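Please read this briefing beside the sequence and the 3D view, which are shown next.

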Amino acid sequence: MAKRTPSAQELHRRAVATYVAAGGEESVQRVITAVQGLTKKLDQWYARQLTDLDVSSGEWAVVTSLAKAGEALTPSQLAELTNVAPSSMTHRLDKLAERGLVERAADPDNRTRILVSLTEAGWGLFSQAIRDSDVVESDVLQDLGDDERAELARLLEVVIARLDDIDA
């Protein structure tokens, strides 16, 4: 007889029980394990989405960094934001430029510096990916009402604000 794959909820329950048995505080483990499980499942979906879009995770990091910045950035800034060596960033930018997703231009205030920005096609790719992701993310949250979503978001934002204070 084939073994059935445990549900996400069952895996979560087992993990929490294991961590609590090892001395973890149950309410902490319930929250952290849930966040980790959610992140893992969404990351799997995002990886498939990037494959469908023919974009590597490193290239996507560049696209999202530029979109979130809302302005042109230098290759060095992009390398720092995406945690890669400048030589790796040059390769990523070459590939993205070949596809017409980014463009490089001399900085008008400092002609020795290059600025990178998203092209219209780059913004189109970003927008499409966000719209596609929103469908899946909405499905994940479908059992929560608007007030519950707002409260969950508020609570997670409190936790996120605390991250800068933790020396991990």
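## A residue in a helix

Arg92 is found in helix α5, residues 86-98, where helices (H or I, at least four residues) and strands (E, at least two) are DSSP runs numbered from the N terminus. This is a predicted model, in which local features need pLDDT of at least 70 and side-chain atom pairs count only at pLDDT 80 or more, while totals for chains, interfaces and linings use all residues. Residues are numbered from 1 along each chain as its sequence is written, and side-chain values use heavy atoms, with hydrogens and water left out.

**Surroundings of Arg92**

- Leaving aside residues up to four places away in sequence, Arg92 touches Gly58, Glu59, Val62, Thr82 and Val84, a contact being heavy atoms within 4.5 Å.
- Arg92 and Thr51 are 41 residues apart along the chain, and their C-alpha atoms are separated by 16 Å.

**The largest pocket**

- A pocket is an open set of points, on a 1 Å grid over the protein atoms alone, where a 1.4 Å probe fits and protein lies on both sides within 12 Å along at least five of seven lines; its lining residues have an atom within 4 Å of a point.
- The largest pocket has a volume of about 1300 Å³, a volume being the space filled by probe spheres set on the points, which are joined across faces, edges and corners.
- Its lining has 36 residues, and Ala34, Val35, Gly37, Leu38 and Val140 lie nearest the centre of the pocket.
- Helices α1 (8-21), α2 (26-53), α6 (120-140) and α7 (146-163) each supply at least two residues of this lining, with the largest share, 15 residues, coming from α2.
- By class, the lining of the largest pocket divides into 20 nonpolar, nine polar and seven charged residues, where Ala, Val, Leu, Ile, Met, Phe, Trp, Tyr, Cys and Pro count as nonpolar, Asp, Glu, Lys and Arg as charged, and the others, Gly among them, as polar.

**The second largest pocket**

- The second largest pocket has a volume of about 260 Å³, and its lining residues include Asp43, Tyr46, Trp60, Lys68 and Phe126.
- α2 gives the most to this lining, with five residues, and α2, α3 (57-69) and α6 each supply at least two.
- Six nonpolar, four polar and two charged residues make up the lining of the second largest pocket.
- Domain 1 and domain 2 each provide at least three residues of this lining.

**The two domains**

- The domain assignment, automatic or from a database, gives domain 1 (8-23 + 34-53) and domain 2 (55-135), and their C-alpha centres lie 29 Å apart.
- Six residues of domain 1 are in contact with nine residues of domain 2.
- The area buried between the domains is about 580 Å², of which carbon and sulfur atoms give 62%; buried area is the accessible area (1.4 Å probe) that two parts lose on being put together, summed over both.
- Gln49, Leu50 and Leu53 supply 83% of the area that domain 1 buries against domain 2, more than any other three residues.

**Salt bridges**

- The whole structure has seven salt bridges, each a side-chain nitrogen of Lys or Arg within 4 Å of a carboxyl oxygen of Asp or Glu, while the count between domain 1 and domain 2 is zero.
- Glu10 forms a salt bridge with Arg13, with the closest N and O atoms 3.0 Å apart, and both residues lie in helix α1, three residues apart, about one turn of the helix.
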